[in-house]
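This report describes selected structural features of a predicted model.

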Amino acid sequence: MKTETCKLLILGAGPGGYVCGIRAGQLGINTIVVEAARPGGTCLNVGCIPSKALIHAADEFAKARSFAEENELGISAAAPVIDLGKTIDWKDAVVKRLTGGVAGLLKKAKVRFVEGHATIVDGKTVEVGSKNGPVRIRAEHLVIATGSTPLELPFLPFGGPVVSSTDILSMRGVPAALAVVGGGYIGLEIGIAMAKSGAAFTIVAAAERILPQYDAELSNPVRKRLEGLGITLHVGAKAKGLSADAKSLIVEAPAGEIAIPADHVLVTVGRQPVTQGFGLETLGLTMDGRYVAIDARCATSMRDVYAIGDVTGDPMLAHRAMAQGAMVAEIVAGEKRQWDKRAIPAVCFTDPEIVVAGQMPAEAPGARVSLFPFAANGRALTMERSDGFVRIVSDPATDLILGIQAVGAGVSEMAGQFAMALEMASTLTDIAETIHAHPTLGEVVQETALKGLGRALHN
Ligand SMILES: Cc1cc2nc3c(=O)[nH]c(=O)nc-3n(C[C@H](O)[C@H](O)[C@H](O)COP(=O)(O)OP(=O)(O)OC[C@H]3O[C@@H](n4cnc5c(N)ncnc54)[C@H](O)[C@@H]3O)c2cc1C
């Protein structure tokens, strides 16, 4: 068997693994990245990017449809049609460009890329069944960045009409009737896009409301919008399985059992870490439930073995995996680093979008909470979207900002500003005294800070 050696061996080329590889290459570390599928992992191939591509296409289609109906803008157009197959081809081209870019960046950083499924032999040895024959790789440091996969329900296994997020992101026709099991962000993002593309869409959520990781104040504008889009919502409801003819989803709803007609059932009830099927158990690592346990340096319980990204648990977000990956590369290069981020922003690309960074009001008892609505913002009105608000959680004694949240159309682009405010330990005054350009949605952030200081101007 061919043998290769390196200082740093990374298993998985998702956002965690490939960023770790690029940073290691920049630092002159002899690095190999092994990937069983395509560079970019879940994020680029079947996650963040393809879902946002479909959301964009669906928004454009919905806009075109609105022009075929009576509208206040005075625009008239013929009723549009969507060829989802063509949309998928375009999405695939975007994905291909980005995954090709990742391969190019690794090459530029002089990182060796080995395509194939890796199996751990011991903490310093891995075997890869590459297409050019098996390779044994010996390394001083090992990084586990194997990510996560969609969770399956035993009574609704994937196959036939029951699809995962991965399957639906490549579907070439709009389903006539789509039922989504799960009220989390992945099901809602994709479901809303499908509804805007013309599917009759029903959500079945076991929790008492959608997006239960957020408080009701934040999720309510999304719930209202679902009503506006004609989406049916069943909360406190449990999916039980398909009907005998496989044409309906059987649900135990609070009012009794119902059958929801559906030609496709999308199951999005969470994701599971990839910890099996590649010899991880031979290392006997300490686990944190289903996840690999790590410390503030992303070190596992075995010396020189690190874990990053989804395999280490929540929040399962691409940018967290990337930040961990860069940090581990620097640690392997000898730098004294540990996780000292104040906030990992999270965006829910529903309609309207939700952004959260730092502490929620319920996590900061005694904190001051100020809220300012987009309804009082000129730019929001000119964009025909005045739903939603910005909310700031601050310490009443020091005015230090503890958390910022927003819900509204297009607020995802505020995520960086929110995280930066927290990283820089900003106070309400820092934001209130920063001139925000007019007319922009960002002015609402300034008004929310002014309101927290008791001097909002447009309220
Ligand atoms: C539909 C959807 C939408 C999403 N939207 C967002 C979003 O908007 N924003 C956001 O931040 N996050 C989003 N996420 C989550 C995001 O995709 C993940 O948090 C991120 O991809 C995790 O990165 P990772 O590097 O830990 O793992 P992954 O991206 O899962 O990559 C792991 C890689 O390891 C490889 N691998 C596994 N085992 C082996 C092995 N034995 N040998 C070789 N290779 C192996 C896999 O093939 C895979 O490519 C979304 C996820 C989904 C499913």
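## The second largest pocket

Helix α3 supplies 10 residues to the lining of the second largest pocket, the largest share of that lining. Two or more lining residues come from each of α3 (48-67), α6 and α7.

Sorted by class, the lining of the second largest pocket contains 15 charged, 12 nonpolar and 8 polar residues.

## The cavity

A search of the whole structure for cavities of 30 Å³ or more returns 1. The volume of the largest cavity is about 80 Å³. It is lined by 13 residues, and those closest to its centre are L54, I55, A193, M194 and S197.

At least two residues of the lining of the largest cavity come from each of α3, α4 and α6. Helix α3 makes the largest contribution, with 5 residues. The composition of this lining is 10 nonpolar and 3 polar residues, with no charged residues. By comparison, 15 charged residues are found in the lining of the second largest pocket.

## Nonpolar cores

The largest nonpolar core consists of 33 residues. Within this core, the residues with the most contacts are I168, L178, F201, L211, Y214, L218 and I354. Helices and strands both contribute: two or more core residues come from each of α4 (84-108), α6 (185-196) and α7 (216-228) among the helices, and from each of β8 (177-181), β9 (200-205), β19 (346-348) and β20 (353-358) among the strands. The largest share, 5 residues, belongs to α6. A second, separate core contains 29 residues, including A13, L44, V328 and A329.

## Cysteines

How many disulfides does the model contain? The count is 0. In general, a disulfide is a covalent bond between the sulfur atoms of two cysteines. The cut-off applied here is a sulfur separation within 2.5 Å.

For C6, the closest cysteine sulfur is that of C20, at 11 Å, so the two are too far apart for a bond. The closest cysteine sulfur to C20 is in C298, at 9.1 Å, which is likewise too far for a bond. C6 is buried, because its relative accessible area is 6%, under the 20% limit. C20 also counts as buried, with a relative accessibility of 0%.

## Backbone geometry

In L211, a residue other than glycine, phi is near 45°. L211 sits in the loop between β9 and α7 and counts as buried because its relative accessibility is 0%. L211 is also one of the residues with the most contacts inside the largest nonpolar core. E384, although not a glycine, has a positive phi of about 60°. E384 belongs to the loop between α9 (378-382) and β22 (389-394) and is partly exposed, with a relative accessible area of 48%.

## An exposed loop residue

Is E69 buried or exposed? E69 counts as exposed because its relative accessibility is 54%, over the 50% limit. It lies in the loop between α3 and α4. E69 and Q276 are 207 residues apart along the chain, and their C-alpha atoms are separated by 52 Å.

Note on methods
Residues are numbered from 1 along each chain as its sequence is written. This is a predicted model: local features need pLDDT of at least 70, side-chain atom pairs count only at pLDDT 80 or more; totals for chains, interfaces and linings use all residues. Side-chain values use heavy atoms; hydrogens and water are left out. A nonpolar core is a set of buried Ala, Val, Leu, Ile, Met, Phe, Trp, Tyr and Cys residues joined through side-chain atoms within 4.5 Å. Buried means under 20% relative accessible area, exposed over 50%, partly exposed in between (1.4 Å probe, protein chains only). Helices (H or I, at least four residues) and strands (E, at least two) are DSSP runs, numbered from the N terminus. Ala, Val, Leu, Ile, Met, Phe, Trp, Tyr, Cys and Pro count as nonpolar, Asp, Glu, Lys and Arg as charged, and the others, Gly among them, as polar. On a 1 Å grid over the protein atoms alone, a cavity is a set of points where a 1.4 Å probe fits but cannot get out, and a pocket is an open set with protein on both sides within 12 Å along at least five of seven lines; lining residues have an atom within 4 Å of a point. Grid points are joined across faces, edges and corners, and a volume is the space filled by probe spheres set on the points.
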